[in-house]
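Please look over the structure below with its pockets and backbone in mind; the briefing that follows takes these topics in turn.

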Amino acid sequence: MATGEIVWHAWGVPRAGVAPLVLLHGGSGSWTHWLRNIDTLLAEGRELWVPDLPGFGDSAPPPGGHDADAMVAPLHAGLQSLLGAQPCDLVGFSFGGMVAGLLAAAYPEAVQRLVLVGAPAMGVVPERQFTLKGWRHLSTQEEQLQAHRYNLAALMLSDPAHIDDATLALHIHNVARDRLPRRRLAHTDILARSLPQVRCPVHAIYGASDALYKRWISALEGAFRATGAPFVGMALVPGCGHWVQYEQPGAFHAALREALR
């Protein structure tokens, strides 16, 4: 992966009149952030393209930086190679939502609909709402497991009972392959500043208990409308934290279906 390759995962077949659906995962993740969504989207007849973002999963780090802005050009080049001039429906989760917004702003012809899921960098949160625990320095596997479980509960899922062994193993496999530790843009307002350049309809989906926002979640819809982007609306999924498409996949799909109608 020294030459900057991006690994793309593909399902489904092209359908006339239906745009390819591109899913971008969150920070310290991989395509498996969408693990509980692939089958449903395939059953609905969608052609799926799901990369491991540069520096995560099995993809090489981006050659020009270590944050979301360095991923835009490589991802666009990948989309051109895979899809040609055909625009896609672009769905980005968390860090991937920030990347998706930057991509749609920089290359508006490449995206026909933009859906932001749990996206940061909207400039409405005055301070960080949580602190994650470091784990690489811990000497025992049990200590590391406890740190990972804590981090999943602090950021990703609203109900600790949802952190089963499979979820914990998936999370550990993903965070161990995060090669971009100095990311900072998620704590800025870069997404809000980029959305005015987006030309396509913009939708938002968030868990009602998203740990990134907590009590500030009520300010989000106004922040989206204030950008002047063609914002259509925001769905809040109840009983759900940040990783909305994993914790409540049924409700998430209902919201996504409406956004992609």
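Helix 9 (residues 249–259) gives the largest share of the lining of the second largest pocket, 5 residues, where helices are DSSP runs of H or I with at least four residues, and strands are runs of E with at least two, numbered from the N terminus. The model is predicted, so that local features need pLDDT of at least 70 and side-chain atom pairs count only at pLDDT 80 or more, while totals for chains, interfaces and linings use all residues. Residues are numbered from 1 along each chain as its sequence is written, and side-chain values use heavy atoms, with hydrogens and water left out.

**Second largest pocket**
- A pocket is an open set of points on a 1 Å grid over the protein atoms alone, where a 1.4 Å probe fits, with protein on both sides within 12 Å along at least five of seven lines; lining residues have an atom within 4 Å of a point.
- The second largest pocket holds about 160 Å³, and of its 13 lining residues E44, R46, R257, L260 and R261 are the closest to its centre.

**Largest pocket**
- The largest pocket has a volume of about 1300 Å³, a volume being the space filled by probe spheres set on the points, which are joined across faces, edges and corners.
- Its lining has 41 residues, with F130, L132, L155, R183 and H187 nearest the centre, and helix 4 gives the most, 4 residues.

**Positive phi**
- S94, which is not a glycine, has a positive phi of about 55° and lies in the loop between strand 4 (88–93) and helix 3 (95–106).
- K214, also not a glycine, has a positive phi of about 50° and sits in the loop between strand 6 (202–207) and helix 7 (220–226).
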